[in-house]
Structure formats: structure tokens, C-alpha cells
Amino acid sequence: GTANLLCWFRMGEDDATGADGVVDNSANSNHGIMEGSMDSGDIEATFPSSISYTWADTLSMDFDGSDEFISVSANQADFHFNSTPGAGGDDSPFSISIWAKMDDASDFRMISVGSDTSRSWTFGFRGDDRLEVWFNSEATSTDYIREIADSASTADEGAWHQYAMTYDGSETAAGITLYRDGSSIASSESSGGSYSGLRQVTALNIGRWNGVANANGKMNEAS
């Protein structure tokens with residue numbers, strides 16, 4: 001169901017907050033804004049009807065791998081997932097699901113909160129094409145936990161796949177599970193420093209992390 005969704009971007013609408021808005025189809029009005037050179041021309045009818053759900057459509061958003069991304073600045077506290085962000089509060093369980101058709105898996109960052117100098121968390125592909133989740137307690141990478149896929153996803157380029165992650169709130173990398181097309185994938189844990197819960201930062205971004213890692217390809221049904 002959709003009752004517990006914090007956000008649900010179907011990528012096919014641009015009238016939430018003007019011509020450059022991206023509608024949040026959940027009940028929370030966490031609407032996004034197209035950034036960089038992204039505009040309504042990047043909305044394409046490329047999501048296959050054969051894998052579209054009854055409540056979905058065939059539209060998707062095309063990201064150029066350069067400066068295009070979607071920022072979500074409304075209700076920022078919805079995406080902190082911690083009772084007292086940055087002050088040792090307890091993490092909350094959450095999950096993410098996104099459909100993507102990657103032109104290039106390298107640094108295909110699907111969704112994140114924070115920047116290179118103010119990191120909190122990210123879900124997407126590393127420079128070596130491996131899927132990862134990275135949580136930070138500090139602005140840099142000093143105190144962190146990560147779960148990293150054992151194998152690269154280079155072969156996924158050019159085709160639609162669903163990627164997902166779940167986190168149980170345990171503040172350990174063992175509490176993170178990665179998924180591809182509904183099945184968990186083999187992954188390894190990594191940590192550094194003393195992770196003490198997610199930190200508080202600003203907007204959520206779709207298709208971008210740390211100001212330089214931008215997704216190159218298409219995405220749909222981000223929730």
C-alpha cells in the first residue's frame with residue numbers, strides 16, 4: 001500500500017510548484033523542483049507498460065549525468081530518520097525503492113540527503129558501479145556505516161531495474177539490506193569511527209550527491 005509513504009515521485013508531472021515542479025503523490029506534499037538544466041522536456045514516455053503497475057504510468061525522468069537533479073526542500077525533517085539528528089538520537093527504520101534505467105552506472109546516485117561537506121545518507125551506485133547505502137554521523141566520512149554490493153551492476157546499463165534498500169534502525173551496517181528486482185543481493189559491511197545515528201542536514205536530492213556525482217539515465221517511481 002501507499003499509506004506509509006513519505007514521498008512518491010512518479011516523475012510524470014511538473015505542475016506541483018510551477019513549471020519546474022515535480023509532484024509528490026504521497027499525502028505529504030514533499031514536492032520537488034527540477035534543478036540545473038532539467039525541465040519538462042526531460043519527462044519521457046519510456047517506462048515499459050509491461051512492468052508498470054495499475055497505479056503507475058509509462059513516464060520517467062531523464063537525468064543528464066551533468067547538472068540535472070531534483071531537490072526536495074519541503075518538510076526536511078521527514079528525511080532525517082533520527083529522533084535527534086546529529087545529537088546521538090536513535091535512528092528510525094526506513095526503506096527506499098526506485099526504478100532506474102542507467103546509461104552509465106558509475107556514480108549513478110539515486111537519492112541522498114546532504115552534500116560532500118555536509119553528509120547524511122545516500123543510496124545509489126559508486127564509481128565502481130556497485131550499489132551502496134552510506135550513513136554518516138559527521139559532516140565528512142569520519143563516522144559512518146555502509147553496505148556495499150559485492151558485484152558491480154555494469155551489466156544493468158540500458159535496461160529497467162528496480163533497486164531498493166531497507167534499514168532496521170539498529171545503527172549497524174548489518175541492519176541494511178540491498179535489493180535488485182525484488183531479491184536481496186550479496187553485500188558487505190563497512191564502517192569507520194563511531195557511528196551514533198544520522199545527522200541533520202538540508203534538502204533531499206534525487207539524482208545527485210555531494211555536488212559532483214550525478215545520475216546519468218532515467219528514473220521512475222521513487223519512494
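I take two strands as paired if DSSP finds at least two bridges between them. Strands (E, at least two residues) and helices (H or I, at least four) are DSSP runs, numbered from the N terminus.

**Entry 1. Basis of the model**

I note that this is a predicted model, in which local features need pLDDT of at least 70 and side-chain atom pairs count only at pLDDT 80 or more, while totals for chains, interfaces and linings use all residues. Residues are numbered from 1 along each chain as its sequence is written, and side-chain values use heavy atoms, with hydrogens and water left out.

**Entry 2. The open sheet**

I looked up strand β3 (residues 43-44) and found that it pairs with β4 in the antiparallel sense over 2 bridges. Here E44 has S60 in β4 as its bridge partner. I then followed β4 to strand β18 (residues 216-220); the two run antiparallel and are joined by 4 bridges. Within this pairing, M61 has M219 in β18 as its bridge partner, and D64 stands opposite N216.

In which order do the 7 strands of the open sheet stand? I read the order as β3-β4-β18-β6-β11-β12-β13, with antiparallel pairing. The edges are taken by β3 and β13 (183-184); each has a single partner strand, so one side of each is left without a neighbour in the sheet.

Of the 5 residues of strand β4 (residues 60-64), 4 are buried, so the strand is largely enclosed by the rest of the structure.

**Entry 3. Aromatic rings**

For the rings of Phe, Tyr and Trp (its six-membered ring), I count a pair if the centres lie within 6.5 Å; planes under 30 degrees apart are stacked, over 60 edge-to-face, and the rest tilted. The count by this rule is 9 aromatic pairs. I examined F94 and W121: their ring centres are 5.5 Å apart and their planes stand at 50°, so the pair is tilted. F94 belongs to strand β6 (residues 94-104) and W121 to strand β8 (residues 118-125), so the pair ties together parts that are 27 residues apart in sequence. Both F94 and W121 are buried.

I looked for charges over rings (NZ of Lys or CZ of Arg within 6 Å of the ring centre and within 35 degrees of the ring normal). R146 lies over the face of W134, at 4.6 Å from the ring centre.

**Entry 4. Salt bridges**

How many salt bridges does the structure hold? I find 9, each being a side-chain nitrogen of Lys or Arg within 4 Å of a carboxyl oxygen of Asp or Glu.

R126 forms a salt bridge with D128, with the closest N and O atoms 3.1 Å apart. The side chain of R126 also meets that of E132 in a salt bridge (3.7 Å, N to O). R126 is buried at 17% relative accessible area and E132 is buried at 1%, whereas D128 is partly exposed at 34%. I place R126, D128 and E132 in a network of salt bridges that also links R109, R130 and R146.

Lastly, I looked up D156 and R180, whose side chains meet in a salt bridge (2.9 Å, N to O). This pair links distant parts of the chain, 24 residues apart: D156 is in the loop between β10 (144-149) and β11 (160-167), and R180 is in strand β12 (residues 176-180). D156 is buried, with a relative accessible area of 7%, and R180 is partly exposed at 31%.

How values were computed
Buried < 20%, exposed > 50% of the residue type's maximum accessible area, 1.4 Å probe, protein only.
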